Amino acid sequence: MCESLQGGYPPDVGLMPVEIALFQPDQAGNVGAAARLAACLDLRLHLIEPCGFPLDDQRMRRAGMDYLDLAALCRHADWPAFLRWRAGSDPPRRLVLLSTQATQRYDRFAFRAHDILLLGSESGGVPEDVRAQADQQVRIPMRPSARSLNVVVAAAMVAGYAATQTGLLDRIERERMT
C-alpha cells in the first residue's frame, strides 16, 4: 500500500512521467530536498522505509519548506510493500537504479514515461537483492577520485534528463505559460 506522508493527499495521483524512490534514506534533510525537487518538477516521491529518522522530523520540513504540501509523497513500510505497490500499478513502471557500479551512463540511456528512479540510502546504497530487482541500472560519470554525489544532486541530474526525454519539462513549461 502507498500511504501519503501528508495524510490527506491522495496516494495515487495518476501517472507521473518520472518518479523517484529513496530506499531507506537516513538523512532527513535529503528527503526534504527530494520532496522539494518532486514538488517543483511534478514528480511523485516514494519513501521506502525504514528511514534513519522520524518522518515528521523538523529538519525534513525545514529542508522541504512549504514545498512539502505541493509534493506527491508516498511512503512504503518496506521494500516488499513497495514491490507490491509497483506490481499493482498500471501501466507497469520500470525500476531504474542509479548506482556508481552501473556500466550504462544515464545520459546514454533511453528513459520512458513512468520510470521510477531508485536511489539507495546515503550511508549504504542498496543491498544486492534490491539491486538484482532493478530493471535497469545507470550511473553518472565522475572523476576517478570522487566516490559519489549527494543522493538528491544525483536524483536531480538524472530526473532532469529523464524529464526532458519524457516531455515533462515541455508540459511544465506549457502550464507555466497559461
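These are my notebook entries on selected features of a predicted model.

**Entry 1: strand β6**

I began with β6, residues 115-119. I asked how many of its residues are buried. Five of the five are, so I noted the strand as largely enclosed by the rest of the structure.

I then sorted the side chains by direction. D115, L117 and L119 point one way from β6, while I116 and L118 point the other way. Residues on both sides are buried, D115 included. In a regular strand the side chains alternate between the two faces of the sheet.

Next I looked up the strand neighbours. β2 runs parallel to β6, and five bridges join the two. In that pairing I found L22 opposite L119 of β6. β5 also runs parallel to β6, with three bridges between them. There I recorded L97 with L118 of β6 as its bridge partner.

**Entry 2: aromatic rings**

I counted the aromatic pairs in the structure and got six. I took F23 and W79 as the pair to describe. Their ring centres are 5.8 Å apart and their planes stand at 80°; edge-to-face needs an angle over 60, so this pair qualifies.

Where do F23 and W79 lie? F23 belongs to strand β2 (residues 18-23) and W79 to helix α3 (residues 79-87).

I checked both residues for burial, and F23 and W79 are both buried.

**Entry 3: helices α1 and α5**

I looked at how α1 (28-41) packs against helix α5 (residues 151-165). Two packed helices are described by the angle between their axes and the distance between the axes. For α1 and α5 I noted an angle of about 15° and axes 9 Å apart. An angle under 35 degrees counts as roughly parallel, so α1 is roughly parallel to α5. I put down the crossing of α1 and α5 as right-handed.

Which residues make the contact? From α1 I listed N30, A33, A34 and L37. They meet V151, V152, A155 and A156 of α5.

**Entry 4: cis peptide bonds**

I went through the backbone for cis peptide bonds and wrote down two entries. The bond from E49 to P50 is cis, with omega near 10°. P50 sits in the loop between β3 (44-48) and α2 (58-64).

The bond joining D90 and P91 is cis as well, and its omega is about 5°. I placed P91 in the loop between α3 and β5 (95-98).

**Entry 5: positive phi**

I also looked for positive phi in residues other than glycine. D42 has a phi of about 60°, and I located D42 in the loop between α1 and β3. H114 has a phi near 80°. H114 is found in the loop between β5 and β6.

Is each of these residues buried or partly exposed? D42 has a relative accessible area of 33%, so I marked it as partly exposed. H114 comes to 17% relative accessibility; the limit for buried is under 20%, so H114 counts as buried.

Terms used:
Residues are numbered from 1 along each chain as its sequence is written. This is a predicted model: local features need pLDDT of at least 70, side-chain atom pairs count only at pLDDT 80 or more; totals for chains, interfaces and linings use all residues. Side-chain values use heavy atoms; hydrogens and water are left out. Rings of Phe, Tyr and Trp (its six-membered ring) pair if their centres lie within 6.5 Å; planes under 30 degrees apart count as stacked, over 60 as edge-to-face and the rest as tilted. Helices (H or I, at least four residues) and strands (E, at least two) are DSSP runs, numbered from the N terminus. Buried means under 20% relative accessible area, exposed over 50%, partly exposed in between (1.4 Å probe, protein chains only). Two strands pair if DSSP finds at least two bridges between them. Axes are lines fitted to C-alpha atoms, for helices over the stretch in contact, and angles run from 0 to 180 degrees between N-to-C directions. Angles under 35 degrees count as roughly parallel, over 145 as roughly antiparallel, 65 to 115 as roughly perpendicular and the rest as oblique. A crossing is left-handed if the near helix is turned anticlockwise from the far one by less than a right angle, and right-handed if clockwise. Contact means heavy atoms within 4.5 Å.
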